[in-house]
Amino acid sequence: SEPIQSICCIGAGYVGGPTCAVLAWKCPNICVTIVDISQERIDAWNSDELPIFEPGLEEIVKSRRGKNLFFSTDIDAAIIAADLVFVSVNTPTKTRGVGAGYAADLQYVEAATRRIALLSTKSKIIVEKSTVPCRTAESMRAILDATSPRPGVHFDILSNPEFLAEGTAVQDLLKPDRILIGALNTKSGKLAQDRLANVYATWVERSAIITTGLWSSELTKLAANALLAQRISSISSLAAICEKTGAEIDEVARGCGKDSRLGPHFLKAGLGFGGSCFQKDIFNLIYLAETFSLQPVADYWRQVLVMNEWTKASFSRTIIRHMFSTVSNKKIALLGFAFKKDTGDTRESPAISIARDLLVEGAEVYIYDPKVSERNMRQCLGAFSNFHFSSSVEAAALNASAVVVATDWDEFKPSSSSGKTAAAIDWTSIYANMNRPAFVFDGRGILDTAALQNIGFKVHTVGRGNLVDTLS
Ligand code: NAD
Ligand code: UDX
């Protein structure tokens with residue numbers, strides 16, 4: 001089959017940017033153009049300060065930019081030139097109309113599809129990279145067939161969902177667990193599937209490239225995210241039992257994770273899951289189930305979200321309860337605002353809920369995050385704008401009554417566990433400058449509880465009953 005020479009990626013976001021930058025790096029013979037309607041985003045991709053932070057990404061972008069990797073707002077030119085187009089636009093949850101709060105908003109996918117149909121003068125492979133509801137390719141097919149004006153121009157649609165996680169995107173892309181390519185079981189579909197598989201085979205082992213049917217591929221993405229999120233809700237539910245019983249969640253997770261059928265990953269209890277994907281994709285699955293009147297199925301997955309909301313709310317309540325049921329006018333340092341370490345992304349970050357809960361109670365919340373700007377925090381907190389931005393842990397904690405850890409950044413961890421040489425937080429000096437009693441609420445289970453208690457802190461760690469123990 002003919003090799004792909006020119007790729008256009010529509011959507012220069014958290015997925016389109018890293019995915020196609022790595023592709024350009026690994027395939028120097030393919031010309032990759034990443035386009036977006038946002039001039040600001042494209043300008044940032046073309047500048048020294050990339051619009052997203054991902055370890056290792058900057059080097060890759062800088063090594064290929066201007067050679068076989070381009071960022072542009074000239075969407076039309078890139079579509080016309082491409083043999084293959086990745087559709088990597090956002091698919092957020094609908095906020096109004098039919099399915100509001102559950103269904104995926106497919107307006108950006110449709111707009112991109114229409115543009116491709118309108119402009120294409122040669123046949124192309126169209127790849128769903130965005131996470132979409134099952135059978136979206138069918139709608140794309142209908143749009144392409146109805147709007148493409150040129151005879152002889154043929155489109156193949158593939159589903160190639162992205163499984164990267166933020167913070168480890170480059171590593172995930174370089175060494176993916178699997179690449180999934182779904183196609184219709186037709187001669188032309190199979191050929192298109194082969195051509196995309198050959199691109200990935202440049203750097204991914206053939207055995208990790210899975211080809212499936214189109215609908216299975218679309219659903220696999222929703223399924224994988226739902227199963228991962230379910231695991232977090234399961235561990236959160238067990239952490240809650242630990243806090244009441246004196247069991248410790250990390251010990252329980254280790255004991256369970258040794259069972260090869262369960263596996264050790266994704267069992268770290270914290271503040272539930274954040275990020276732009278899990279909640280959205282479960283809503284998507286619930287909507288799909290309800291569309292087919294599968295109410296118990298919808299209810300089952302809804303409970304994963306209920307558990308997640310409860311986890312965050314319960315942590316806020318624990319903070320308030322331990323601080324003598326009032327945080328009014330008390331200074332509280334919130335460490336971490338990103339939804340996980342090694343990213344500046346704050347979408348659906350648990351830290352937003354915690355900050356809001358404390359601000360509503362009248363606390364003076366000082367927020368520090370190594371990668372999140374004050375502007376981004378203000379956007380997330382909206383009406384709750386009466387927080388303070390801090391540029392260091394020490395500044396946030398000065399004269400505070402409590403320190404709350406909301407993100408698992410390595411720099412918050414004791415140096416022995418972070419594996420980094422950078423100085424760990426000097427908790428003794430933090431303690432010296434705090435009000436008494438000085439509380440630490442570890443929402444990510446990353447601190448050395450015993451060491452902090454030795455210094456004099458009152459410590460509560462998720463999934464451990466330690467503060468309850470010391471109080472009772
Ligand atoms: P994002 O919001 O960061 O990026 C999407 C980009 O598409 C935006 O910059 C937007 O301006 C652009 N866009 C929208 N419509 C366009 C159009 N018609 N033409 C050109 N550009 C257009 O979103 P993201 O996080 O990159 O996610 C993209 C998709 O990938 C979603 O479906 C998401 O569910 C899925 N996904 C995301 C992740 C993740 O970790 N963020 C992982 C796997 C899959
Ligand atoms: C997720 C999926 O992992 C990825 O495959 C998919 O492509 C996009 O959605 P992402 O949301 O970027 O990736 O990060 P992930 O590492 O999955 O973490 C999601 C949330 O769960 C974070 O808030 C994280 O802190 C939390 N988490 C994860 C835990 O609390 N404990 C864990 O053990 C793992």
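Tutor: A polar contact is a pair of N or O atoms within 3.5 Å; within protein, one atom must be able to donate a hydrogen and the other to accept it, and residues adjacent in sequence count only if both atoms are side-chain atoms. Take Thr91: an N or O atom in its side chain is 2.6 Å from an oxygen atom of ligand 1.

Student: What should I know about the model and its numbering?

Tutor: This is a predicted model, where local features need pLDDT of at least 70, side-chain atom pairs count only at pLDDT 80 or more, and totals for chains, interfaces and linings use all residues. Side-chain values use heavy atoms, with hydrogens and water left out, residues are numbered from 1 along each chain as its sequence is written, and chains are lettered from A and ligands numbered from 1 in the order in which they are written.

Student: Which backbone atoms lie 3.4 Å and 2.9 Å from ligand 1?

Tutor: A backbone N or O atom of Ile37 is 3.4 Å from a nitrogen atom of ligand 1. For Thr131, a backbone N or O atom is 2.9 Å from a ligand 1 oxygen atom. Accessible areas come from the Shrake-Rupley method with a 1.4 Å probe; for residues, only the protein chains shown count as cover. On its own, ligand 1 has 840 Å² of accessible area, and the protein covers 91% of it.

Student: How many residues surround ligand 1?

Tutor: A residue is near a molecule if one of its heavy atoms lies within 4 Å of it. Here 24 residues surround ligand 1, the closest being Asp36, Arg41, Thr91, Glu166 and Lys280. For classes, Ala, Val, Leu, Ile, Met, Phe, Trp, Tyr, Cys and Pro count as nonpolar, Asp, Glu, Lys and Arg as charged, and the others, Gly among them, as polar. The ligand 1 shell has 9 nonpolar, 8 polar and 7 charged residues.

Student: Which residues are closest to ligand 2?

Tutor: Phe163, Leu164, Glu166, Lys268 and Arg444, out of 20 surrounding residues. A backbone N or O atom of Phe163 is 2.7 Å from a ligand 2 oxygen atom. The side chain of Arg444 also places an N or O atom 2.7 Å from an oxygen atom of ligand 2. Alone, ligand 2 exposes 650 Å², and the protein buries 90% of that. By class, its shell has 11 nonpolar, 3 polar and 6 charged residues.

Student: Why does ligand 2 lie between the domains?

Tutor: Domain bounds come from an automatic or database domain assignment. That assignment gives domain 1 (6–204) and domain 2 (230–471). Both give residues to the shell around ligand 2, so ligand 2 lies between them. The ligand 1 shell draws at least three residues from each domain. The domain centres, taken over C-alpha atoms, are 34 Å apart. Contact means heavy atoms within 4.5 Å. By that rule, 20 residues of domain 1 are in contact with 19 of domain 2.

Student: Is Trp427 buried or exposed?

Tutor: Buried means under 20% relative accessible area, exposed over 50%, partly exposed in between (1.4 Å probe, protein chains only). Trp427 is buried, at 11%. Helices (H or I, at least four residues) and strands (E, at least two) are DSSP runs, numbered from the N terminus. Trp427 is found in helix H17 (residues 427–432). Not counting residues up to four places away in sequence, Trp427 touches Leu335, Val403, Val440, Leu447, Leu452, Ile455 and Phe457.
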